[in-house]
Amino acid sequence: MFNRKSIYALNKKDPNAIVYMDANEVIVRLTREDFASEKEFLKWKALSDEDYHASEKEAHVYANHTLALDELSEEAASIPAVDVCMEQAHDRAEAIHRSVRKVTQIRKHLTDTQFRRVWMYFVDGMTVDEIGAAEGVSHQNISKSIGAAMKKMKKLFPDC
């Protein structure tokens, strides 16, 4: 299994593709041909690079602020226990895998347009009017598209 750092390195070293791990922990390579336009590919490539970079930076911050157990007093070493730290790291990795699986599932069930608009709305924080202006489409069309996407997502994840 690849760690986040090696996925980041693979993604960064391949400027012509977005490299990520799918829900089955298989390395996937999305190329420019998988996107509707060069602009869309570049946008997603920048987002993936930024996301992987932030994850790698977070891992470095954690590593840089961690001491070896033999350097700590017995009292300090006992809180938190190693197994607790490992469980927390495992929980973080599981949360990342769940998120990747959900996004992969959502992408399979939405049209490219719906997925792009939902991403712009929820992830990029754009308003319906901003999305409409960016795409040259009416507020009503954007609202209908996002509404239809939300219905599909509620069927996929009824508990959310």
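Author: Axes here are lines fitted to C-alpha atoms, for helices over the stretch in contact, and angles run from 0 to 180 degrees between N-to-C directions; helices themselves are DSSP runs (H or I, at least four residues), numbered from the N terminus. In this case helix H4 (residues 82-109) packs with helix H7 (residues 139-156) at an angle of about 130°, their axes lying 10 Å apart. H4 is therefore oblique to H7, given that angles under 35 degrees count as roughly parallel, over 145 as roughly antiparallel, 65 to 115 as roughly perpendicular and the rest as oblique. The model is predicted, so local features need pLDDT of at least 70 and side-chain atom pairs count only at pLDDT 80 or more, while totals for chains, interfaces and linings use all residues. Residues are numbered from 1 along each chain as its sequence is written, and side-chain values use heavy atoms, with hydrogens and water left out.

Reader: Which residues of H4 and H7 meet?

Author: Contact means heavy atoms within 4.5 Å. By that rule Gln-105, Ile-106 and His-109 in H4 meet Lys-152, Met-153 and Leu-156 in H7. Sorted by class, this contact has three nonpolar, two polar and one charged residues, where Ala, Val, Leu, Ile, Met, Phe, Trp, Tyr, Cys and Pro count as nonpolar, Asp, Glu, Lys and Arg as charged, and the others, Gly among them, as polar.

Reader: Is the crossing of H4 and H7 left-handed or right-handed?

Author: A crossing is left-handed if the near helix is turned anticlockwise from the far one by less than a right angle, and right-handed if clockwise; the crossing of H4 and H7 is right-handed.

Key:
Helices (H or I, at least four residues) and strands (E, at least two) are DSSP runs, numbered from the N terminus.
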